[in-house]
Each structure stands twice: as structure tokens, then as C-alpha cells.
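Here are my notes for a first look, as numbered points. Have the sequence and the model open while you read.

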Amino acid sequence: RTHARTHARTHARIGRPVGAVSPPPLIVPPIDVPSTPSSTPSASAESAATDYDFLTPDAGPKPPGPTPSQSRFQVDIVAEAAGATEDKSPSSDASTTVPSSDAATPAAPPQGPDANPGVGGGEEAKGRFRVVNFADPSEAESPASPEAPGEGLQNGDTVMSESSLHSSTGGQHHYHYDTHTHTYYMRTFGHNTIDAVPNIDFYRQTAAPLGDKLIRPTLSELHDELDKEPFEDGFANGDELTTPEEAAAKEAADSKGVVKFGWVKGVLVRCMLNIWGVMLFIRMSWIVGQAGIALACLIVGMATVVTTITGLSTSAIATNGFVRGGGAYYLISRSLGPEFGGSIGLIFAFANAVAVAMYVVGFAETVVGLLAGADALMTDELNDIRIIGTITVILLLGISLAGMEWEAKAQIFLLIVLIAAIINYFIGTFIPLKSKESMGYFGYDGTIMWENMGPDFRDETFFSVFAIFFPAATGILAGANISGDLADPQLAIPRGTLLAILITGIVYLGVAVSTGSCIVRDASGNVNDTVSSQFMMNCTDAACKFGYDFSTCRSDKDSCQYGLQNDFNVMSMVSGFGPIITAGIFSATLSSALASLVSAPKVFQALCKDNIYPGLGMFAKGYGKNNEPLRGYILTFGIALAFILIAQLNVIAPIISNFFLASYALINFSVFHASLANSPGWRPSFKYYNMWVSLAGAILCCVVMFVINWWAALMTNVIVLGLFIYVSYKKPDVNWGSSTQALTYHQALTHTLHLSGVEDHIKNFRPQCLVMTGYPNSRPALLDLVHSFTKNVGLMICGHIRTGYRRPNFKELATDQARYQRWLLKNETKAFYSPVFAEDMRQGAQYLLQAAGLGRLKPNTLVLGFKNDWRDGDMMNVETYISMIHESFDFQFGAVILRLKEGLDVSHIQGQDDLLSSQEKSSGMKDVIVSIDTSKDSDADSSKPSSKATNDDEDGKATTQPLLKKDKKSPTVPLNVSDQRLLEASQQFQKKQGKGTVDVWWLFDDGGLTLLIPYLLTNKKRWKDCKIRVFIGGKINRIDHDRRAMATLLSKFRIDFSDITVLGDINTKPKKEHVSAFEEMIEPYRLKEDDMEQEAAEKLKDSEPWRITDNELELYRAKTNRQIRLNELLKEHSSTANLIVMSLPLARKGAVSSAMYMAWLEVLSKDLPPILLVRGNHQSVLTFYS
């Protein structure tokens, strides 16, 4: 019993230092690796027991937090197998010993509250875990010395063997989401801490096919004050696995006996079969005849270089992280992003489907040739090819549908036939026969080799011959395409692919040299074409040495049916036994067809699972334990059948080669791109790649595409480009951390740094605005107007100062930041959202003015909304507001204030976010539309009643007036009139402005910002119909002169205007009633120091610094009158303008009180169309020098 218990603890204590206090259960993912051969197959009860690692709570102190209930991993089957164990290693409770190997049966669990069942079996244990730092394996048999309990494992615990990490060779996975045990922390190094040691399970994706995901303790759990229970739920989403990928992973995991292939069966065999096509037997000898031995070897060499570089690139991508199913598509999409991946995936799957047709027709042609030889044709040759092709493809479909295991068996059988055929040919080259001499075959001979060394092109060129050979070198991705069915893709893809390229390349070269060395180019097949002795002197051919004269072939091309140039079936003539070569041809074509028939649906399934093309989702469904894409098989079958019925492959072959080459080019390019982006996540374990070699490979692939067939290459490029543009336009909602993102970041960083090293120039001045919007959706008019003139021109930052928090919640700030940044992007607003926590508005504004932006991308203009309610609240708010304007000038910023007579802030309107949502593009935005009033949940769309609110409005018709849902339950309420107007005003800059005017009142020269903003505005599409009218101040007696001077200046600035008005009457006294209205307005804010003691007056001024002194009022009488007068002029001239842009009056800091300044702004801008008060920082922003 004690031994059994120790035994159990040995297993339960994986990954814990010796002598640690026994921990609560650590959930180790029970990934099983089949036991080593020595562990005997046990009875069903036992095998069920050894299938699991049982983990239950040990007795011992628990960390605070809910204690787990009886663990559900405890299974009673073990009890039945109890009693048989005799463990020979006595050990103390703390020591960790290796159970001796004869204990291959499960240990008996002690009954009782501290029941601790575990899996016994020494060999079983050794097979499952590699044990680090054991003293000596032989000591495992002898009893461990009780004196040195911890000796065995000094610096480490047992670690999982690599194989278990990759779940190799059909290991079964179990999913246990232990939702009711909250103690997933193990105590580290014997201390009672909830910090966790590094563990592979923290890094898994949810429900990854390799084991359970554990959640490491969050930073807040370790760092926050203990006012909240630190042990929240152990798993982030224990039960709720949502995405289809996870469902598929779970499905695959639960099923028994999933077939996974090793590198030989999965990759090497497939690649070799796919690369050795019909070309080897039918065309290789012809290529040697045309190009000669030297150039034929060069052709093979060139093709091999292209495939080898691609093989190296594939290996690099395949070893940079865990590879799922989908082959070339998966590799390209995960490294270059969905745009490239989606366009290539579709083409690659299609190319594979058409390749099935190509290979099947190649097979059918051979069969028809045999039938024709035996006079057994069914109809005519073309229709026979169609009939045989159709029957073949149906049989192949049957093999594929039977499952991957059958398909793999078929492949191995075909490989054996193929290798037999190749060996058979090479044996034949060493057995020259007299009967074959008239056909041009004389055995190995130096003169024949020398004669065939150089080229002899007939109606062909080097490149056309290369184009015919190159498809024979493709097929290197056959292994990678079934990446999902490989046990360890990271090891299998590099090893299998590169070895296959090497072996096939050597065989191609061997065939080229051997055919060129023993067969002449032309032979008549006529035994009587011998050389008579008197002509011996004139005969120069290599055949003359053997007594044959084939010189007639030169004059009469058609009479010669044999030799390298004329007979495609030379290899079967040479070989030891002809029919084996025919079998080899059958095997080569059928295996390639089968490999393509399997590749196409797998790649297509992976493409559909990612949902890049919305209409194709139905093909993502997998069936059976291996998740077979049956629908994809049927589709591939359909495409292949269509092309088989065409039966003209000389048209199809170049297109396919180009499709394959396009994907090779992109695989090479993605390695170059990833290395260029220099992302820390790019660290392939396969080191033998080089970014420049990959780039050369990509360029080579493109060159070869055009060499093979220029029109097919153009067509391929057009199709890829079309799909690329489509996917880019659709913007699929995926984020795979592609190298495109990494490179974008890298370039942005480099350019930003580069920009900082350059001094600004007036010509390049851009208004970079810090806009005090609050939440970006709460002041739409401000956001839209500023966006109109900064879009694609300058930087725009939406500043948001959050005050009044006793303890700021920075985590919430970060989530809000991400949320509103998404909202801006979805609304196509090119801006950044930058919230800060501050004690008060003034401090927050200082933070933003100082810290917003980066390098040269720093704001230079502060944009505020006008404070419409300044007379209602606390006057200290006005003090703060005015100080923000003063501070912007202190920081050398320009200042801009926008005033709408209806107001700007719409956040108080219940449900205005619903209105915003009705402008959204997609329904997926619901998490982003955030109401300021966080108590209510907004997912109703204002234009149509939401599905949840249907009980309230049964009629369900879309309401015309923007009705707003107050709450899920309450009926809809119409807006009051002022809110209705406010909403309409807030959206006025979103629509096209029509033919109107932008009136620029450029009264004071601030460097030209007052003029630049209207110019930028009218350049935009919404504002382009508006004309600029310029108003300037001047003297009555020189109005014409002033107008001409201004016109000259504007034309030098190259700014179009429709009209210039010189106002000679600015300094006229304003109307009496307007002056008295002003005095009435400022009455409550006056200090009236003449009516009280000086000391009391000073005290009041200190406590309420915004008050207006009598002295100040007298001092600035003229300026006050000017503001009142300007308002009269504005109403007279610009009451119909779409927008007024006017110089902002300045107030000297410390001399003018904030109430006075606010009153000036109020009186200047009241009762007018939208008005923008602008003041640059008095440095030139316009220039007329080139």
C-alpha cells in the first residue's frame, strides 16, 4: 500500500522540486505517448487506467481560496487492477524514485480521504517522461538509498518528452477542463506564492490540438491590493470554446486513433512520387536528344535550384511555430497575411485540382497508346482518353474518400512500382542486345556520349525544352500540403522535402547522362541500314563504329521512328523488361494524381475555415475522426472531371506550372519579407536559409513563369492581383501577426526616427491638431470638421482628460483606449485617441500638450470646442478653460476654437450612440459603440427596432423620426426639439457642403494659419464646391489699395478666392443696445472694487481670480467695442456662410481676467453659422518661395 502510494505520488509530482510541500493538483495536460514496447498490452481495465495521468489533491496545506471538491480525474477502474503491484523501491515520502520496471500494472489506490491514485508502470513512466539528471539508469533497479532522498533529481524535475509536446505517432489527447477546481497555481520552490513557474501550457492557444491551455496568474492577481479575492476562475473560458477551429480541435482530440504520419510516409514518399512524373519515362530522353547531355543537365540543375531554394524557404516557415493543416496556403497566409494567403490559397487549390486532370490524362494517353497498339480502341483516341480518364478519377476519388490511411498505403505501393521501374531501366542500360541496335541502342560508349554532348534543337529552343521539363520538378509541396496530418510537421517538412528534392534530382541527372551515353539521336529501326565497307570512309556518325548508317534520317525525317529525338518510349525499349516501365508510368501518373487529389481539398478546407471568402464557408466542414473535407473532395473531383473532358493538356499544363510557380515565388518572398521585417517572432529552428537567397528564389520563380509561357504568366499575375485586391478590400477579420504588420511597424519606426533628424520647413508645414474631444463619439461636429482638414494631411489626436477619480483605474483606461481607437478606424477617421487621468482639466491639458505625439509627429495646434455653458456652472471651470488657451500659446501651439450655436456635446442624449451605430458599416461593431452613460447596454440600432425590443413596438416598422431607446424595456421616446437640433447640427460636417462660401476674416496676421485651414478644407471632396471669401480690415480712404495688396498676396500664395472685402468700418462704435447687452452679461462677474475696502477687494480677487475689475473694464473699452462691432459685421456679411474662419482675439496673460476674455469670445461669436476662431503661433506657415 505504501509503495503504491509513493508510486502514485511519483506521477502526481511532475514538475515540482523534491521536498516541496505537496501541492494542490497541478493540471498537467494528459497527453499520452504510446508506452515503450516492453510494457505489455494490458487488459481493457488496465489500459483504460494507463491512458490517463490521474491527478488528485494531496493531503497538505492549501493556499487560500476555494478548495477543490473531489477531483473528477479519480476513476474507480484502477481499484479492480489493484493488488498486483510489488514495488521494490522503498522510499521516503519526499524522495522521487523511478518505479522499477516490473511494476507494469497500475498501482492500487489507497482508499480514504487522501486517496491518491496514480499510474504505475516503470517502463510506462519512462516512455511518457524523459527524466533529467538521473544518477545512473541501472540504479533504478536497485533500491534507492533512504539517506539521500533528494539526490536523484537535483536541478530539475521530470520534463515532458519532446514527442509528447508534439503528440507524435497517434498519441491520444484528452481534454479536461477542470472548471470547479480553482487552484491551478502550483506552489513555487516550496514557498506559498501563487506565482507560477514557466510551463508550456501557459503558451498554448485555447484548445490547441496539443493539450490543455492553462492561464498563468494575471499581473493584477499578483500585484493589486487584497481588496478582491485573488483566486478568480482558474480558466479564462473553461467551458466556452467558441471558434470553429477550437471545435475542430476538440473534435479531433476526442476521437480515437487519429492517423498521423511520420516524415518518410508523410513527406518523403509523397514528394518523390509527385516530383517523378511521367516526364521521367516519356520526355527525359527526348530532352537529352534536343538539348544534349550538357544542357539537359543544366536544365535539371536550374529546375533543382529553384525547387531547392523554395524547399529551404518552406522549411524555414514550417519550423517557425506550430503548423496546422493547409500546406502552402497556411504557410503563406500566416507569414504574409490573409491578402497574399487568400489569393494564393485559392489558386493553389485550383491548380492542384486541375493537376489531377493533367496526370489522369497522362495516364489515359498511355493506356490508349497500348490499346491502339493492340487494335483494341473503343471509339476514337480522344474519346477513349475521356472514358478511361473518367473511370480512373472515380477510382482515385474512392481511394481518397476511404481515408488518409488507405491513401498512404496506395502511395507506398505506387512508390515501390516506380522505384522498380527506375532500377529496371538502369539494369537494362548495361545489357546491350543485338536486336535493339537497329533502334539506336548500343550500350555505354564514349563516342555516342561525345556526339550527344552538344545540343541539336529541332523546332525547339533551350527555353521551350526547359518549359517542358520544369513541371516535372514541381510537386515539392506535396508533403507540406497535408501538414495537418503530420505528427511533427516542423521536423517532417524540412527533412522530407529536401531529401526528396535531392534524390529525385540525382535520378533525373542519372537518366539524362545514361540515355545520352548509350542511345544515338536518330535510328531507323531497319536492320538492313548497315554500312558497307566502301562507304566506311564517308560515315561520321557514332553509329558507324557499330556498323550502322542512319544518315538517311537526315534527309528524310519521317522515315526514322527511333532514337532519342523520335521515340518517346526509348526507356522501355532499353530497359530489362519493358512492361515494368509501363507500370512505372502508370504508377507515376496515378500517384501524382492521388497526391493532388488529396492536397487540393485539404488546402481548400483550411482556406474556407479562415473564412476569407465569405461564400465558401460550407467547404470548411470536416467529417470523421480525421476531419476529412468530403465536400472539398467532391468539388475537386468535379473540377478535375471537367478538365479531363477537355482532354487537351498542352493548353492546361503551362497554366498549372504557373500557378505552382506563383505559390513558390510567394513562399520564397515571405521568408525574405519576414527576415526584412526583423520581427522578434521570426525565429525558425531551421537555420539554413538566407533572406537574399530567398529573394533570388522568388525572382527566379517569376522569371521561370515568363520563360515557360508568357501569356499564362500574365494571366496568373492578373488573377493573383485581382484576388489580392478583393481580399484587401474585404478586410477579413483575422490577425495572424503576419510579417506585413511587422514590416509596417518597422518602416513606421524608421521613418519617424528619420523624420526627427530633419528640420521642419515652411513648405512642409501641416496643421497637427490636438483636439479636445473627450470621448471621440461625444463631439461629432468637432471631430468631423478637424478631420476634414487633417485627413491625409496632418496628424490628429483626440485628447480626453478624465478627472474626478479618487483611484484612477488604469486598466480601464487601456481598454477604453483600444476600444475608441477601433471606433475611430471603423468610422474611417484617421486619428489617434489619447486619454489621460488628471487631477483637473488644466493639469490634464498640460500633460497632453507636453506629451502627446512622437518626434516630429507632435501636435502644433490645440483645437477646443467653445464653452457654451460658461455662465451656468462654476466660474473656476472658465478659469481652467481660458488657462488652456493661454498654455497652448506658452507651448508655442496655435489655438483653434469651434463654436456651433446649438452646441457640440451630444453625449448627454440618451442613446445617441445608437444613432452613431446606425452609421456603422458592420454589425460587428457592437462592442465598440460605447455610450458615455455606462449603465445602459446599447445594442439597438436606432433606425430599426432591435430584435430585443420587439415586445415594445409590436408594429415593428422602421420609424422615420430618429427614435431612441432609453432602455431594453422602456418604449421609445422622441427627442425634445433642442436635442433634435443639436443632433442635426452635430452631423452637418459629415455631408457634402454644396455650393456655399467659407468666409475668412483674416484681421490679424498670425503666420497664415487662419488662411491655410480654409484652403485645406476646400481641397476636400465634401467642401470643394465652397468658395473662399476673404474679409480684411482697412482704412476707408485706401480700400482699393488694400484690396489689391491682399489679392497680390493671395495669388502669390496660390490660394484661390472668389472675393475680397475690405471693412473700413470696423472701428465705428457698436450699437447702444449691443453694448448694454454686453454690460448686462458681465455684470455678475465684476469685482466692483470701488464699492468696497481695498483689502476686501484684493481678498476677493485672490479667491475668485476670474472677476473683472473696473480698471480693466476701462482699459479695454476699445477692444470690447471692437468685438461687439465685429459681431454686427459678421451678421451683416456672413450670416449665410457654411463656415466662418476668423482671427481669435488675444488677451494678455495676467492682465485680462478670464471672465472678460470669455465674454469677448461670447459676444464675438454669438448667433452665427459655425465659426472657427483661429490664431496661429505667429510663425509663418505659408510661403511663396519655391
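1. Start at the surface: Ile419, Ile423, Ile427, Phe430, Ile431, Leu433 and Tyr444 make up a nonpolar patch there, with about 650 Å² of accessible area together. A patch takes residues with over 30% relative accessible area and no salt bridge, joining nonpolar side chains (Val, Leu, Ile, Met, Phe, Trp, Tyr) within 5 Å and like charges within 9 Å. The salt bridge here is a Lys or Arg side-chain nitrogen within 4 Å of an Asp or Glu carboxyl oxygen, and areas are Shrake-Rupley values with a 1.4 Å probe, only the protein chains shown counting as cover for residues.

2. Before going on: this is a predicted model, where local features need pLDDT of at least 70, side-chain atom pairs need 80 or more, and totals for chains, interfaces and linings use all residues. Numbering runs from 1 along each chain as its sequence is written, and side-chain values use heavy atoms, without hydrogens or water.

3. Phe430 sits in the loop between α14 (404-429) and α15 (434-437). Its relative accessibility is 60%, so it counts as exposed (over 50%; buried is under 20%, partly exposed in between, 1.4 Å probe, protein chains only).

4. Pro1014, by contrast, is buried at 0% relative accessibility. Its contacts (heavy atoms within 4.5 Å), leaving aside neighbours within four places in sequence, are Val998, Val1000, Leu1009, Ile1028 and Val1141. Val998 is 16 residues from Pro1014 in sequence, with 7.0 Å between their C-alpha atoms.

Notes: Helices (H or I, at least four residues) and strands (E, at least two) are DSSP runs, numbered from the N terminus.
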